[in-house]
Amino acid sequence: MSKAEQSAKREYPLGTLYFYLTKGCNLRCRHCWITPKFQGEEETHPSLPPELFGSIIEEAKPLGLSSVKLTGGEPLIHPQITELLDYTRTEKIPLVMETNGTACTAEIARSIASCERPFVSVSLDSTDAATHEWVRGVKGCFDAALSGIKNLVDAKLHPQIIMTVMRRNVSQVTPMVRLAESLGAESVKFNVLQPTARGEHLHETQESLTIEELIELGRWVDTELSKTTKMRLIFDYPMAFRPLGKIYSSRADGCGTCGVLGILGVLGDGTYALCGIGETVPEMVFGRAGIDRLEDVWKHNPVLQEIREGMPKAFKGICARCLMRPRCLGSCLAQNYYSNHDLWAPFWFCKEAYGKGLFPATRLAGEGPDDKSVVAA
Ligand code: SF4
Ligand code: SF4
């Protein structure tokens, strides 16, 4: 039996649908990798019709669906967001929500809270309005985000705060933890600025931190800052840099891997894609809801099959030498493809760290490509 036939026979449950509900967003973030069109009060952009949302979920159930993630654009500006939330609640599908918080009214917060096992993360890139609004491009969005978080906490939800760390806000890492505590957050996740879409420009203009700075900051967050708070702190650098205790503990956060073998993206126009990368990379688009059967897309799309057949042996460069590879799965295939047009290219962070002699020797396998090939891949 060929590898392709073996892969087609093996069952891969479609655990989570990532719904990028809206083609528009009410913010204009400088680091956004989805690049939605700006949606002010005057404009509207397409969003996923509720009937299609429901029919996709129905098609996904027999494939193994166990949760949905609602993200964007900005999910809470979807004109029928309450209807979509009602649907997930009635169907008892666990809900993950990623929002910029600005449109989270008290009523929406209560609606989210009454869904099945809701987990909400809210982006906050600074503890002051000027810096947050420099990153997010819209005046007033800092107070609006704080008000959204307050509404969530009043509804008995304890959101995760997500801060993307860059030169402009790096001095606010500790203040962000203190602010998150005072707001009633459950955890803080520090994202590394990725060189994808708009984030590429920030890398080119040195707004991103250097690899040396990121590794040092991540280790300090993991070992020192974590001791000062009861909240979970997650620094989202690749697994090879994380302490083993953080990777394997009972409260492991799944950070550093995206679960690519069990997820599928649905964009605001009903397009099926690997994830939100389908907005900028046409090769990562796999079909369209209402036209293509989800089962056909999930079981037979050639890119998804290539991913299943290749994981984790096909990785190149440092990812081929890394002991974390079976668990980390190259950190982010979408990012790797975006930068290199190659699904199996190594993740940029680890490649750069290795080239500078900063990759942890304890996470390197004795066998694999030699040094020259690792650096060149
Ligand atoms: S990062 Fe999120 S909030 Fe900002 S523009 Fe992109 S989708 Fe909108
Ligand atoms: S080298 Fe690759 S597999 Fe290893 S931690 Fe980095 S991204 Fe993950």
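**Close-up views of loops, helices and a ligand site**

**View 1. Lys156 is found in the loop that runs between α6 (141–154) and β7 (160–165).** Helices (H or I, at least four residues) and strands (E, at least two) are DSSP runs numbered from the N terminus. Although Lys156 is not a glycine, its phi is positive, at about 75°. With 70% relative accessibility, Lys156 counts as exposed, where exposed means over 50% relative accessible area, buried under 20% and partly exposed in between (1.4 Å probe, protein chains only). This is a predicted model, in which local features need pLDDT of at least 70, side-chain atom pairs count only at pLDDT 80 or more, and totals for chains, interfaces and linings use all residues, while side-chain values use heavy atoms, with hydrogens and water left out. Residues are numbered from 1 along each chain as its sequence is written, and chains are lettered from A and ligands numbered from 1 in the order in which they are written.

**View 2. Ser331 has a positive phi and lies in the loop between α14 (325–328) and α15.** The phi of Ser331, a residue other than glycine, is near 65°. At 13% relative accessibility, Ser331 counts as buried.

**View 3. Helix α15 (residues 333–340) is largely enclosed by the rest of the structure, because six of its eight residues are buried.** The buried residues are Leu333, Ala334, Gln335, Asn336, Tyr337 and Tyr338, and they pack against α8 (198–204), α12 (302–310) and α16 (348–355), with contact meaning heavy atoms within 4.5 Å. Just after α15, His341 takes a positive phi of about 55°.

**View 4. Helix α2 (residues 50–60) and helix α3 cross at roughly 20°, with axes that come within 10 Å.** Such an angle makes α2 roughly parallel to α3, a description used for angles under 35 degrees, as against roughly antiparallel over 145, roughly perpendicular from 65 to 115 and oblique for the rest. The axes are lines fitted to C-alpha atoms over the stretch in contact, and angles run from 0 to 180 degrees between N-to-C directions. The crossing of α2 and α3 is right-handed, and the contact is formed by Pro50, Phe53, Gly54, Ile57 and Glu58 of α2 together with Glu83, Leu84, Tyr87 and Thr88 of α3. By class, the residues of this contact are five nonpolar, two polar and two charged; Ala, Val, Leu, Ile, Met, Phe, Trp, Tyr, Cys and Pro count as nonpolar, Asp, Glu, Lys and Arg as charged, and the others, Gly among them, as polar.

**View 5. Helix α3 (residues 81–90) and helix α4 (residues 106–113) have axes that come within 9 Å and cross at roughly 15°.** This angle makes α3 roughly parallel to α4. Ile81, Thr82, Leu85, Asp86 and Arg89 of α3 make the contact with Ile108, Ser111 and Ile112 of α4, and these residues divide into four nonpolar, two polar and two charged.

**View 6. Ligand 1 is surrounded by Cys25, Leu27, Cys29, Cys32, Pro36, Gly73, Asn100, Arg136 and Arg198.** A residue is taken as near the ligand if one of its heavy atoms lies within 4 Å of it. The shell around ligand 1 has five nonpolar, two polar and two charged residues. Gly73, one of the residues around ligand 1, is found in the loop between β4 (67–71) and α3, and a cis peptide bond with omega of about 10° joins Gly72 and Gly73.

**View 7. The peptide bond from Met311 to Pro312 is cis.** Its omega is near -10°, and Pro312 lies in the loop between α12 and α13 (317–321).

Technical notes:
A crossing is left-handed if the near helix is turned anticlockwise from the far one by less than a right angle, and right-handed if clockwise.
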